Amino acid sequence: MAPVELDALAVREQLFHERVRECLICALLFASLYILCHFVIRHFKKQTDFAAVHDDEDAAVNRIALGLCTFTLAVALGAVLLLPFSIISNEVLLSFPHNYYIQWLNGSLIHGLWNLVFLFSNLSLVFLMPFAYFFTESEGFAGSKKGIMARVYETSVVLLLLTLLVLGMVWVASAIAGNDAVSRQSLYDLWECYLPYLYSCISLFGVLLLLLCTPFGLSTMFTVTGKLLVKPRLLEDLDEQLSCTRFEEAAVSRRITSGKASCWLNLNMALLREQLLSIRSKRKKLELRHRASPWQRNVGYPLAMLGLLALTGISVLIVCFHVLELLLDDTAMPRGMQDTALGQVSFSILGSFGAALQVVLIFYLMLSSVVGFYSSPLFTRLLPERQDTPLTKIIGNCVSLLVLSSALPVFSRTLGITRFDLLGDFGRFNWLGNFYIVFIYNMGFAALTTLCLVKRVTWAVQEELIRAFGEEGVHLSGGLRVPGFGGGVARFAGGG
């Protein structure tokens, strides 16, 4: 064999081994995400849906739908990790360009991961999740033989009709938005035109949902932090408050006991029980704060709040700076990137520290969007409950999380949180090249986040000051109000 043929064979063999290695890495990564998401769904899944079902047919349907939900949630988690993994990989290759043990981390692998996430996101949103929902609700056509296949046939027919309806609506929308006559006359080139256009609309909806949920979630994060951590209070004596609360609880408990033992007392027992439950809840909170160490109460809470303020402020500053760049430089617009040569240049002017900050901000904004999504009045019913979430609600949660997470790379690049350009089909969205949409989106995020942050911080400070000085005034008056007989109120003096 000639030397030229040997060289060509060696090159083909190397390409084959690289392809096999990339497939193995992608399979291992997705298998890890799938196992993790399986345990997460089992944690929230209603036990009666798969443990107490005696019908083998229903049990098989639930297992199939559970597997589809797990697959979709794994894709959503992969979409969240996609951009941070790419940024970290670029910095690792930039720091260790000639290290033998990280040669598997290359641009071809990153590009393949982006394409797989895009493909699986389309597959889950358009086919798998609708199939899972219709499959759990199906019973088979009337007159047909009952069984799994009857449900599959009914679900397939309903899904086909739904697909035709959605594609028809997308065709009409693209015909209205497009200017060429070909788009109005035929459904030619479905994969290259209409499916990307459909996913472009879904991504635009996801990005708008992130725009609405993230500022609301950022303000909600401060409230959640205040509930999870023990926060210090101004002008407060915990020992005195705890003793007063215990005394009040004992007094109300005696009123309830005396009312049950005597028929001469006219007491509103329902009102007294509600007051007793409220006082017990207050006592438990005070005992929790009393058991907390001074370091936890006076250092942990302020550090957590300062961290949230710093991350939120940095996000707003980056977006404001990106707005100025949009006005002065055309390269600040989000765009797709086909050349995946990583390890050439850092995507942050601060180097590795800036890249790490970008990763932290991406995770922080995603967490804030999820908190804001479940805290909003429209979607609060979707909030899963431990061991008590039905399968249909799990399907709704998987779809919602996939829409949010698949829009996260576009969201981060549109706001200028990162300079890492979009890879694969993520950069083919039509609306990304519209300057007015990108500019208004950045301005809207900066305005909404600043408004929510100022409103939340101002109200928190005002509420704390009013509560502190109000309670101080009550304590100085030297009295405690305890429910008495007949719905009245008895006043116990401090020195009594």
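How many helices and strands does the protein chain have? The chain has 13 helices and 4 strands, where helices (H or I, at least four residues) and strands (E, at least two) are DSSP runs numbered from the N terminus. This is a predicted model, in which local features need pLDDT of at least 70 and side-chain atom pairs count only at pLDDT 80 or more, while totals for chains, interfaces and linings use all residues. Residues are numbered from 1 along each chain as its sequence is written, and side-chain values use heavy atoms, with hydrogens and water left out.

Of the 496 residues of the protein chain, 41% count as buried, a term that means under 20% relative accessible area, with exposed meaning over 50% and partly exposed lying in between (1.4 Å probe, protein chains only). Among contacts (heavy atoms within 4.5 Å) between residues at least 6 apart in sequence, 78% join residues at least 24 apart.

Helix H11, residues 391-406, has 16 residues and reaches 22 Å from its first C-alpha to its last, close to the 22 Å expected, the expected span being 1.5 Å times one less than the number of residues. Because 12 of the 16 residues of H11 are buried, this helix is largely enclosed by the rest of the structure; among the buried residues are Leu391, Ile394, Asn397, Cys398 and Ser406.

A search of the whole structure finds 14 aromatic pairs. Rings of Phe, Tyr and Trp (its six-membered ring) pair if their centres lie within 6.5 Å, and planes under 30 degrees apart count as stacked, over 60 as edge-to-face and the rest as tilted. Phe131 and Phe135 form a stacked pair, at 5.4 Å centre to centre and with 15 degrees between the planes; both lie in helix H3 (residues 107-137), 4 residues apart, about one turn of the helix, and both are buried. Phe411 and Tyr441 form an edge-to-face pair, at 6.2 Å centre to centre and with 85 degrees between the planes. Since Phe411 lies in helix H12 (residues 408-414) and Tyr441 in helix H13 (residues 435-476), this pair ties together parts that are 30 residues apart in sequence. Phe411 and Tyr441 are buried as well. Elsewhere, Phe30, Tyr34, Phe71 and Phe120 form one aromatic cluster.
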